[in-house]
Amino acid sequence: MPEYRLSIPYDDMNCVNWFISRCKWNAPDPEGITDTDDSACASSGAALPAVGGTWDKVFREMKRCAMGFNGGRYTQIAWDPAHFANHWAPNQIKISRIPSMFGLCVAGGRCNERAVRRLLAPLFWLYHHLRGPDNLNHEQFVWQADQVYRAVGSDEIEEPGRPRVLESDTWGNSFADVYQRAMQERTAKAPSSPVSGVVCIAGFMRSFINETIHTSIRHNVIDSLNFTDRKVVLLTQIGSKDPSLSCSKNQPPSWKSSARGLAVLRPDVIVNIDFPIEGHPPDRKCHEHYPLSCNAQWRRLEQCMKYVYQYEA
């Protein structure tokens, strides 16, 4: 008997194997940056707002996908859940739980559109149906997928679900677009009762003088918090002339060039002080992927907290 050969291309199987190994079903959201891959499954499945989802949930998944994987890409897919269920598991999958438009976290340099459409989309929702990847026979899935797509193109069958990957300009899926819409949702849902808070902004002023930057900070950070009583603390370095920084990208801007941005932010307190780069302090070490300047960043944040505590007192 001749050996059975899969018709699924090697590159597509490489994409599937990547997704299977990094599904990590229901893994908790990591705090900050880690040196291990996150969960592709926990970064997928949110219904897009066009079919009843929220921008906030889409943003959380998109952010987790981008931060959790090297080259992670949050892809948006539209399809017919009933058509998918009828071809893969007739009368078994509850299509009411499957949105017709959803997000899927994939490996940008490893998964082509064909593999995402034909393999990852059904694989992810079969995981949902079976409550995790441990309950799915992956060899049988690959064999079934091979059988289905051998028949695609005939008069008898279409791609299950008729999936299509949405173009980026269909709904404006850049990270900045989604972030802004998610923040608008959060602001609209914010409680109407008085809420007070302190906003502390720390860092170098490299791009701050750019109107797009300081306007975005005002709108997407300060205003989006919806505080009724608010204090803004700016901890940075302005106007200092340090000869050692003359050729550095961290050379602080003048007060004149910063004036427009300061007028937009309207800080209540400006802490104008330099935090030099230092070695590792006790009980705190920079990640190996970052330079020692991260310690200066931590120092700024610690100084921020001092002003927060003062206002809270």
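Leaving aside neighbours within four places in sequence, which residues is Phe19 in contact with? Phe19 is in contact with Ala40, Cys41, Leu104, Cys105, Leu120, Leu123, Phe124 and Tyr127. Contact here means heavy atoms within 4.5 Å.

This is a predicted model, in which local features need pLDDT of at least 70, side-chain atom pairs count only at pLDDT 80 or more, and totals for chains, interfaces and linings use all residues. Residues are numbered from 1 along each chain as its sequence is written, and side-chain values use heavy atoms, with hydrogens and water left out.

## Overall build

The chain contains nine helices and six strands. These are DSSP runs numbered from the N terminus: helices are H or I with at least four residues, strands are E with at least two. Of the 313 residues in the chain, 39% are buried. Buried means under 20% relative accessible area, exposed means over 50%, and partly exposed lies in between (1.4 Å probe, protein chains only).

Among contacts with a separation of 6 or more, 70% are between residues 24 or more positions apart.

## Nonpolar cores

A nonpolar core is a set of buried Ala, Val, Leu, Ile, Met, Phe, Trp, Tyr and Cys residues joined through side-chain atoms within 4.5 Å. The largest one has 54 residues. Phe19, Phe84, Leu104, Val116, Leu120 and Leu123 have the most contacts inside it. Eight elements each supply at least two residues of this core: H1 (10-21), H2 (55-68), S1 (72-78), H3 (81-88), S2 (101-107), H4 (113-130), H5 (138-151) and H6 (175-189). H4 gives the most, with 10 residues. A second, separate core has 11 residues, including Ile217, Ile222, Val232 and Leu265. In soluble globular proteins, nonpolar side chains tend to be buried together.

H2 has 14 residues. The helix reaches 19 Å from its first C-alpha to its last, close to the 20 Å expected at 1.5 Å a residue. That expected span is 1.5 Å times one less than the number of residues. The buried residues of H2 are Trp55, Asp56, Val58, Phe59, Glu61, Met62, Arg64, Cys65 and Gly68. Their cover includes S1, S2 and H6.

Asp38 sits in the loop between H1 and H2. Is Asp38 buried or exposed? Asp38 counts as buried because its relative accessibility is 8%. The side chains of Asp38 and Arg64 are joined by a polar contact of 2.5 Å. A polar contact is a pair of N or O atoms within 3.5 Å; within protein, one must be able to donate a hydrogen and the other to accept it, and residues adjacent in sequence count only if both atoms are side-chain atoms. Not counting residues up to four places away in sequence, Asp38 touches Arg22, Lys24, Pro28, Pro30, Ser43, Arg64, Gly68 and Phe69.

## Disulfides

The structure holds four disulfides. A disulfide is a pair of cysteine sulfur atoms within 2.5 Å. The table gives the sulfur distance and S-S torsion for pairs among them.

| Pair | S-S distance | S-S torsion |
|---|---|---|
| Cys15 and Cys111 | 2.1 Å | about 100°, right-handed |
| Cys23 and Cys41 | 2.0 Å | about -115°, left-handed |
| Cys200 and Cys304 | 1.8 Å | about -70°, left-handed |

Cys23 and Cys41 are both buried.

Cys200 in strand S4 (residues 196-202) and Cys304 in helix H9 (residues 293-312) are 104 residues apart. Cys200 is partly exposed at 24% relative accessible area, whereas Cys304 is buried at 4%.

## Backbone notes

Most residues other than glycine have a negative phi. Arg131 has a positive phi near 60°. Arg131 lies in the loop between H4 and H5 and counts as exposed at 66% relative accessibility. Arg266 has a positive phi of about 50°. Arg266 is placed in the loop between helix H8 (255-265) and strand S6 (269-272).
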